[in-house]
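Please look over the following chain and its fold.

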Amino acid sequence: MDDRRYPVHPILGVGGIVVGRKGVLLVKRHKEPDKGRWSLPGGGVEIGETQEQALMREVREETGVESRPIQLVGTADIIIPDSAGLIEYHYIVNQYLVRALTEDTKPEVPEAEVGWFRPDALPKERMNPRVFDFLQTMNGSITSLLRESYSANEQDP
């Protein structure tokens, strides 16, 4: 049994709304919870890491994209019971707005997928509704960061 299932205490995680010139970076999960659904890149914070370091590592590992966290924008309690009512997963995930520094993607494993999505073309039907709703509430910040990314690119030689 993997050590994240049926935990004795909540697991601290980080997630990123990674924004680049191509849009918002999403990962199709290759493991539970939410296997097969598009989600934000992220994962657990390891001993000795800051949340920002963990997020940059997780984004790089899961997507191949280099990134830089900008600001903390929310916290999510993810508590998933099994069919018997026991807590199978329990995460506390701090969510960050993140600037993509590179655009080329490479999934962590062959079963995973990585994609850039315009804010108005998110794969809503293939996402956890909480993730989709969160991205909708962050639309203003995402749009501003997209504009900044385009402006910065236009100024590059």
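Leaving aside its neighbours within four places in sequence, which residues is Ser-39 in contact with? Ser-39 is in contact with Leu-26, Val-27, Arg-29 and Val-131, where contact means heavy atoms within 4.5 Å.

The model is predicted, so local features need pLDDT of at least 70 and side-chain atom pairs count only at pLDDT 80 or more, while totals for chains, interfaces and linings use all residues. Residues are numbered from 1 along each chain as its sequence is written, and side-chain values use heavy atoms, with hydrogens and water left out.

Ser-39 belongs to strand S3; strands (E, at least two residues) and helices (H or I, at least four) are DSSP runs numbered from the N terminus. Ser-39 counts as buried because its relative accessibility is 14%. The classes are buried for under 20% relative accessible area, exposed for over 50% and partly exposed in between, with a 1.4 Å probe and protein chains only. Between the C-alpha atoms of Ser-39 and Val-114 there are 9.6 Å, although the two are 75 residues apart along the chain.

Gln-95, in strand S6, is also buried, at 10% relative accessibility. Beyond its neighbours within four places in sequence, Gln-95 is in contact with residues including Gly-15, Gly-16, Leu-40, Gln-71 and Phe-134.

**Nonpolar cores**

A nonpolar core is a set of buried Ala, Val, Leu, Ile, Met, Phe, Trp, Tyr and Cys residues joined through side-chain atoms within 4.5 Å. The largest one has 18 residues, and Ile-17, Leu-26, Met-127, Leu-135 and Ile-142 have the most contacts inside it. At least two residues of this core come from each of S1, S2, H2 and helix H3 (139-155). H2 gives the largest share, 4 residues. A second, separate core of 12 residues includes Val-14, Val-18, Val-59 and Val-114.

Which residues of H2 are buried? They are Val-131, Phe-132, Phe-134 and Leu-135. These four lie on the same side of H2 because they cover an arc of only 160° around the axis, the arc being that of the directions from the helix axis to the C-beta atoms. Exposed Arg-130 and Thr-137 are carried on the face of H2 turned away from the buried side.

**Empty space**

Rolling a probe the size of a water molecule over the atoms shows where empty space is left. On a 1 Å grid over the protein atoms alone, a cavity is a set of points where a 1.4 Å probe fits but cannot get out, a pocket is an open set with protein on both sides within 12 Å along at least five of seven lines, and lining residues have an atom within 4 Å of a point. Grid points are joined across faces, edges and corners, and a volume is the space filled by probe spheres set on the points. In the table, Ala, Val, Leu, Ile, Met, Phe, Trp, Tyr, Cys and Pro count as nonpolar, Asp, Glu, Lys and Arg as charged, and the others, Gly among them, as polar.

| Space | Volume | Lining residues by class |
|---|---|---|
| Largest pocket | about 940 Å³ | 16 nonpolar, 11 polar, 12 charged |
| Largest cavity | about 30 Å³ | 5 nonpolar, 2 polar, no charged |

The lining of the largest pocket has 39 residues, and Arg-29, Ser-39, Leu-40, Ile-78 and Val-93 lie nearest its centre. Elements that give two or more residues to this lining are strands S1 (11-20), S4 (42-44), S5 (67-81) and S6 (87-100), together with helices H1 (51-63) and H2 (129-137).

The structure holds 1 cavity of 30 Å³ or more. Val-24, Pro-119, Leu-122, Leu-135, Gln-136, Asn-139 and Ile-142 line the largest cavity, with H2 and H3 as the elements that give two or more residues to the lining.

**Backbone details**

Glu-32 and Pro-33 are joined by a cis peptide bond, with omega about -5°. Pro-33 sits in the loop between strand S2 (23-28) and strand S3 (38-39). Asp-34, in the loop between S2 and S3, has phi near 65°, a positive value in a residue other than glycine. Its relative accessible area of 27% makes Asp-34 partly exposed. Tyr-6, in the segment before S1, has a positive phi near 55°, and Tyr-6 is partly exposed at 30% relative accessibility.
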